[in-house]
Amino acid sequence: MFSKGIWLYPLSLLATVSAGAFFAIHVADVASAHGASLLDAMRGMSPEDATQIMGGIGEVIAAILGIVITVASIIVQLAATRYTPRITDMFFRDRTNRAVIAFFVVSAVFSLWVNFTIRQGNEETAFVPRYGVFVTMALLTLSLLVMAPYFNYVFDFLEPDKIVERIRKAGVAEALRRGGTETEEAVDERRMGALSALEHLADIALNAIEQKDKGIASNSVDAVSDLVVAYMPHKGNLDERWFQIGGRLRRDPDFVSMNEGALGKIADERSWLEYKALRQFLMVYREALTAMPDIINRIAIDTRYIGTAAIEAGDRPALATVIKFFNTYMRRALNARDVPAAYNSLNQYRYLAEVLLKKGWSREVLEVSNHFKYYAQTAQAMKLAFVTETVAFDLCTINELAYDLGAESRDALLRIFLEVDKEAEAPQQESSLRGVRKAQIKLATHYLQKGDEELARRIHRDMKDERPDRLRSIKAEMLSVTKNEFWEINERGVVFEYIEPERRVFLNRFFEWFPALATRTEPNRTDPPPPA
């Protein structure tokens, strides 16, 4: 409530300058008035003097109150229109705002009643409220001094990042507040408070996207993720009634259209908050596809953070929800034929799979890998060759990690990987098939480097019927990639086909297993091919 930068320094500076100027001039006035002091002026105040002073003071205090209310109302309304209507509620619930406005109101009322008590007449009936006049002067002085710091506070309060942070904190507080003795209505109120926080954060993100404000949109998306990540480890300590989908929560648009079976499953899995948060991500994702593609990567990153938090908490139902939404992102990207969106979503999806591998969640790793295979084949049918190639190299990375970790899902993952490619049915699909083969060959070199020829032979057997000219050109292309840094800016910053020098020797060894392959190679290129 009391910030040095907003309140203490400006208030101290203004008060010091004002007091210094007054007392410097007052010394000269006292000297010229033959010793009359400020205290003497108070004692000698007549009813006429008090009436004149209080009349002016009352008008000034009333004017200050009007200025403060007018300026604050305009600023708050503009911010509410631009970001979210909840700002108005937040503003008037804030203790500092209420305290300052209350101070101005009390000052105005106090000056009104002091002015009312002044009485003129003879010495017996006249009354001069000297202390009241003095206190009113002090209140007016403080009101004038507070104006500048208060406006500074209002602008700081309405700063977008701080609005987002306040909403996030309020949502976390509602979700994590324990109340074993609460009524059903109180629990429902808390559920709606957390839900409202998620919706308002999404609204801010959508408005920011519409206004091309990337910073605010990113911070709002991050805040949704931070809210869920902070909530996830404490779910076990919450009242069971919190996880029920009833009351006003049941009438929420994201739940009212669902059948009872689906709602019951979400309630049993205790994952309505995660589902609601990810629904907000999906809404922003859909808008960002055409309006602000950079936000797509941010949504994918934050979805991965939620998935990682679910893994750390051992919450498999919440993780299953995250996986469903990653799949939905991929479907949206493919339907829109948005290759960069698919590329960035796959990158974060693969990171999540790597965390699953390290935690030993084999069933979920296989599930994700099967989804990868499906989207690779779907992209190939849609002639989105680069998406198919991206999936292939991501599966290569997952298989390499599975082998290094000795994961029990290693063989099953390799089998899924070898099922990704299908013989091209049209010339346009040739490039996607080549990308898959390159990824499989790269994995074979990893096995050979680790001394596991049997797994490399499995890849060889899968490729034994490939045309020699295709294998020859693939080998030439892979040998020509000598840098692991792409010549254009991309999110991953690596070249898929790159193989480390100490591993490159195994590339030649792998191709030696193809008797029909001629020794001739294509001319080397100096750089890797650009992505589609």
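This is a predicted model: local features need pLDDT of at least 70, side-chain atom pairs count only at pLDDT 80 or more; totals for chains, interfaces and linings use all residues.
Residues are numbered from 1 along each chain as its sequence is written, and side-chain values use heavy atoms, with hydrogens and water left out.

Let's begin with the whole chain. There are 23 helices and 0 strands; both are DSSP runs numbered from the N terminus, with helices being H or I of at least four residues and strands E of at least two. Of the 532 residues, 49% are buried. Buried here means under 20% relative accessible area, exposed means over 50%, and partly exposed is in between, with a 1.4 Å probe and protein chains only. As for contacts, meaning heavy atoms within 4.5 Å, take those with a separation of 6 or more: 75% of them come from residues 24 or more positions apart.

Now to the helix pairs. At what angle do helix 14 and helix 15 pack? Helix 14, residues 294–312, and helix 15, residues 316–335, pack at about 160 degrees, with axes 8 Å apart. That makes helix 14 roughly antiparallel to helix 15. For those who like the details, axes are lines fitted to C-alpha atoms, for helices over the stretch in contact, and angles run from 0 to 180 degrees between N-to-C directions. Under 35 degrees counts as roughly parallel, over 145 as roughly antiparallel, 65 to 115 as roughly perpendicular, and the rest as oblique.

Who meets whom in this pair? From helix 14 we have I299, A300, T303, R304, I306, G307, A310 and I311, and they meet A318, L319, V322, F326 and Y329 of helix 15. The residues of this contact divide into 10 nonpolar, 2 polar and 1 charged. In that count, Ala, Val, Leu, Ile, Met, Phe, Trp, Tyr, Cys and Pro are nonpolar, Asp, Glu, Lys and Arg are charged, and the others, Gly among them, are polar.

The next pair is helix 4, residues 86–93, with helix 7, residues 160–176, packing at about 80 degrees with their axes 12 Å apart. These two helices are therefore roughly perpendicular to each other. Helix 4 brings R86, I87 and M90, and helix 7 brings I163, R166, I167 and A170.

D421 sits between helix 19 (410–418) and helix 20 (430–449). Is D421 buried or exposed? D421 counts as buried because its relative accessible area is 12%. Its side chain makes a polar contact of 3.0 Å with the side chain of R437 and one of 2.9 Å with that of Q440. A polar contact is a pair of N or O atoms within 3.5 Å; within protein, one must be able to donate a hydrogen and the other to accept it, and residues adjacent in sequence count only if both atoms are side-chain atoms. Leaving out residues up to four places away in sequence, D421 touches L433, V436, R437, Q440 and D462.

K235 lies in the loop between helix 9 (214–231) and helix 10 (247–250). K235 is buried too, at 4% relative accessible area. Which side chain does the side chain of K235 make a polar contact with? The partner is D315, at 2.7 Å.

Then there is A456, placed in helix 21, residues 453–463. At 0% relative accessibility, A456 is buried. Beyond four places in sequence, A456 touches A444, Y447, L448, F510 and W513.

Last, some backbone geometry. Most residues other than glycine have a negative phi. R337, in the loop between helix 15 and helix 16 (339–359), is not a glycine, yet has a positive phi of about 55 degrees. R337 is partly exposed at 46% relative accessibility. K383, likewise not a glycine, has a positive phi of about 65 degrees. K383 is in the loop between helix 17 (362–381) and helix 18 (385–405), and counts as exposed at 51% relative accessibility.
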